[in-house]
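Look at the structure first, then read the points below.

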Amino acid sequence: MDIRQAGEVSSRVLDAVGEAVIAEREFLETVLLGTLSRGHVLLEDVPGTGKTLTARSVARALGLSFSRVQFTPDLLPTDVTGTHVFNEKERSFEFREGPIFANVVLADEINRAPPKTQAALLEAMEERQVTVGGESRALPDPFLVIATQNPVDQEGTFALPEAQVDRFVVKTSLGYPEREGEVELLRRRAAREARSPEVVSVLSAEEVRSLQRVPETVRVDEDLLEYVVDVARGTRTDRRVQVGVSPRGTQRLFEVARARAVLSGRDFVTPDDVKRIAEPVLAHRLVLTPDATVSDVEKRTVVSEVLETVHVPTVEATVD
């Protein structure tokens, strides 16, 4: 699959998901960028905005298997990874896979699970494998975690450690739909037999793997490499930031910028690619100072202002 084909099929995937999910195109693109860059997506929004529908629709459009895990305070690590079960007939233990063994896993309300269960998910996200009973088992390829958390109801929750938040390549939210979008929701609800339009499968698992290889062919000029680094380093020197973007975050910004170029059908990255994805890629990685937190400084504001201070290189397209 070349870049032109990748851009076309990505657009078809977005169109298919958009038939079912009432959301801004930019939001759907951000979620798809997580898949293209082989990362994971964190959705933070109030209940009832369509987070579960988004995850299920993305999995269906990509032709991938899907599973949903409802995280609760009593959820055990083995409830996610799977466990060994005694087979009475064979008189031996056999491994029974948990819901993590799917291409797209929805970790619903991830911050309601205790740290030990969150940690079990951490290995899966980073290593693409789980270890149970001392034996490591590879997860399906491709593998994408879409986690959700509720920003308003914090009773009985366990805040995600910074190390785990850093594992998500992007963090975004749907927000409330526009007026016409909410009217459309009621139209679907009025027609009980057709509340959720069917999402068409655009790709297969093999085609998704091929699609994920395309960003590796995107050209990034030396000036753009320096620009990406300067943006990340700018967060570390901001007086409102206690802990800035890590080198891992710099790499994720680079990877998602290349994926963003693919969505545009280009074989090279531009400064605009970096600017458009900087906030969902970097903001959740920042740890603000106590003073900034008390002053209600928003992390996305910090990223936006850093972008304004960093020199933007001029990149010229070349024709092969």
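The crossing of α9 and α10 is right-handed: the near helix is turned clockwise from the far one by less than a right angle. This is a predicted model, where local features need pLDDT of at least 70, side-chain atom pairs count only at pLDDT 80 or more, and totals for chains, interfaces and linings use all residues. Residues are numbered from 1 along each chain as its sequence is written, and side-chain values use heavy atoms, with hydrogens and water left out.

**The helix pair**

- Helices (H or I, at least four residues) and strands (E, at least two) are DSSP runs, numbered from the N terminus.
- The axes of α9 (residues 222-236) and α10 (residues 247-263) come within 10 Å and cross at roughly 140°.
- That makes α9 oblique to α10, since angles under 35 degrees count as roughly parallel, over 145 as roughly antiparallel, 65 to 115 as roughly perpendicular and the rest as oblique.
- Axes are lines fitted to C-alpha atoms, for helices over the stretch in contact, and angles run from 0 to 180 degrees between N-to-C directions.
- Leu225, Val228, Val229, Val231, Ala232 and Arg236 of α9 meet Pro247, Thr250, Leu253 and Phe254 of α10; contact means heavy atoms within 4.5 Å.

**The sheet**

- Five strands form an open sheet with parallel pairing, in the order β2-β5-β8-β1-β9; two strands pair if DSSP finds at least two bridges between them.
- The edge strands, β2 (66-70) and β9 (170-172), each pair on one side only.
- Four bridges join β1 (residues 41-44) to β8 (residues 144-149).
- Val41 has Ile146 in β8 as its bridge partner.
- Helix α2 (residues 25-36) packs on the sheet and touches β1, β8 and β9.
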